[in-house]
Each structure stands twice: as C-alpha cells, then as structure tokens.
Amino acid sequence: MTLPRKHPWRLLLSSLALAVSVFVATPVARAQANTPLAMHEGVGVDEKAGETVDLDLTFINETGQKVPLRRYFSEGKPVLLNLVYYRCPMLCNLVLNGQTETMRKIPWEPGTDYTVLTISIDPTETYAEFHRDDLSTGEIIVIGTDGIWESRNHRGEHFGKDALRQAIRDSAAGSAEQICQSITDALERFRESEAQNDDVTLVVVKLL
C-alpha cells in the first residue's frame, strides 16, 4: 500500500509491516536451522514493498457476509490491516502487543480517525466456526489477553486458566463489572508483590 510520507500513520503501518515480516519469516528460519519438515518445503517470503493492495479482494466479515476490501476504505480514513489468525499460539500476540504500543503513541482515535481491520491469514478458519447463536440469559463471555493467565508470582508460577475460571465461577452471580473486578483481585492476590510484566486486557459480557 502506498502512503504519503507526511501522514503520521505511516509509522503505524511500517511498524506492523516489520512485525508481520518477523512473524512470517520465523518458521522459515527455523526450518533452515533444523531438519526441514515437509510443511516447510517451498515456504518463503515474497516482499511487496511499495505495491498497492488490491481493494477488490473479498473476505468474509464478522456477520458472515462476503465483502470487498474496498468497503473499509470508502470513508477516506487510513486503514490499519492487521494480519493474524485465531489459533496463533504465540507470535500473533507479539505482533498485536507491538501494534498496540505503537497505536498508543499516535494522537488519533481508532475507529474515529482511522480504521483497524483484522484479517485472518489462516485459510482454514471459517466464520461459522466462531459464531454462536445458542447463548442464553445469564451466560458469561470473558475475553482477555494472555497477560492474565501467564502472570507470574515471586515463585515463578503462572496464574493459569484454571484460576481464571475459578475467579469467574466465584463471582458468576454478580454483574459483568463485579466479575471483572473479581478476576483483577484474584490476579493481584496471586502476584503479591511481583510486578505485572505483560499487558492485561479484560472484557466481560453477561447476557441479560
């Protein structure tokens, strides 16, 4: 995508491009260093620096509809293309954390001044796979970053997902705000005096 030099969001996209380059190149470097696996044969990186993104490419959006990429460029705002995938075990978090830190340094508001668009790079992922229409009243949805369950105490122990689930169960009768506070309190008790070394983002939704 070609961007004018004068715009501050060039830094944002440049940082993401660097992170994505690392994300794509890492398996290749590992395959070269170790015994090549069949899945790595023929894998490489084709750089497209300076080229324009084809806005006629189509994707499935969050409602299951097939839409062209240009739909997100129609408002005249800058668009940050976020290339990750749902089941990414580690490196996507590094990309997203780096992206978040860069976004915090830009005096623009996401969604208002520019659009953040996430696209899965896993062709096997489908919209239906992550769509739920069977939720009922009282059910709780918790979305969080791995900084929660990977938090450590002074003994080097992880907080873990079991402790997270227990904190949710202990406060399930309360409001979404109370559940969120319960998780935060449990995390602080576990860490004791140990500093939080990773970002913690938590969203709690309770169906009414």
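Modeller: Let us begin with Ile141, which has a relative accessible area of 31% and is partly exposed. Please bear in mind that this is a predicted model.

Colleague: Why is Ile141 called partly exposed?

Modeller: Buried means under 20% relative accessible area and exposed means over 50%. The value for Ile141 is 31%, which lies in between, so the residue is called partly exposed. Ile141 belongs to strand E5.

Colleague: What makes the nonpolar surface patch, and which strands supply its residues?

Modeller: Leu135, Ile141, Ile143, Val203 and Val205 make a nonpolar patch of about 360 Å². Strand E5 (140-144) and strand E6 (202-206) each contribute at least two residues to the patch.

Colleague: Which residues of H2 are buried, and why are they said to be on the same side?

Modeller: Leu91, Cys92, Val95, Gln99, Thr102 and Met103 are the buried residues of H2. Around the axis they cover an arc of only 110°, which places them on the same side of H2. Leu94 and Arg104, on the other side of H2, are exposed.

Colleague: What makes the phi of Glu192 worth noting?

Modeller: Most residues other than glycine have a negative phi. Glu192 is not a glycine, yet its phi is positive, about 55°. The residue sits in the loop between helix H4 (176-191) and E6.

Colleague: Is Glu192 called exposed or partly exposed, and why?

Modeller: Its relative accessible area is 48%. Exposed requires over 50%, so Glu192 is called partly exposed.

Colleague: What is the secondary structure of the chain, and how much of the chain is buried?

Modeller: There are four helices and six strands, in the order α-β-β-β-α-β-β-α-α-β along the sequence. Of the 208 residues in the chain, 26% are buried. The chain exposes about 14,200 Å², of which carbon and sulfur atoms supply 53%.

Colleague: What share of the contacts joins residues at least 24 apart?

Modeller: Among contacts between residues at least 6 apart in sequence, the share is 67%.

Key
Residues numbered from 1 in each chain as written. Predicted model: local features only at pLDDT ≥ 70, side-chain atom pairs only at ≥ 80, totals over all residues. Heavy atoms only, no water. Buried < 20%, exposed > 50% of the residue type's maximum accessible area, 1.4 Å probe, protein only. Arc of directions from axis to C-beta. Contact = heavy atoms within 4.5 Å. Areas by Shrake-Rupley, 256 points an atom, 1.4 Å probe, with all protein chains shown as cover. Patch = residues over 30% accessible without salt bridge, like charges linked within 9 Å, V, L, I, M, F, W, Y side chains within 5 Å. Salt bridge = Lys/Arg side-chain N within 4 Å of Asp/Glu carboxyl O.
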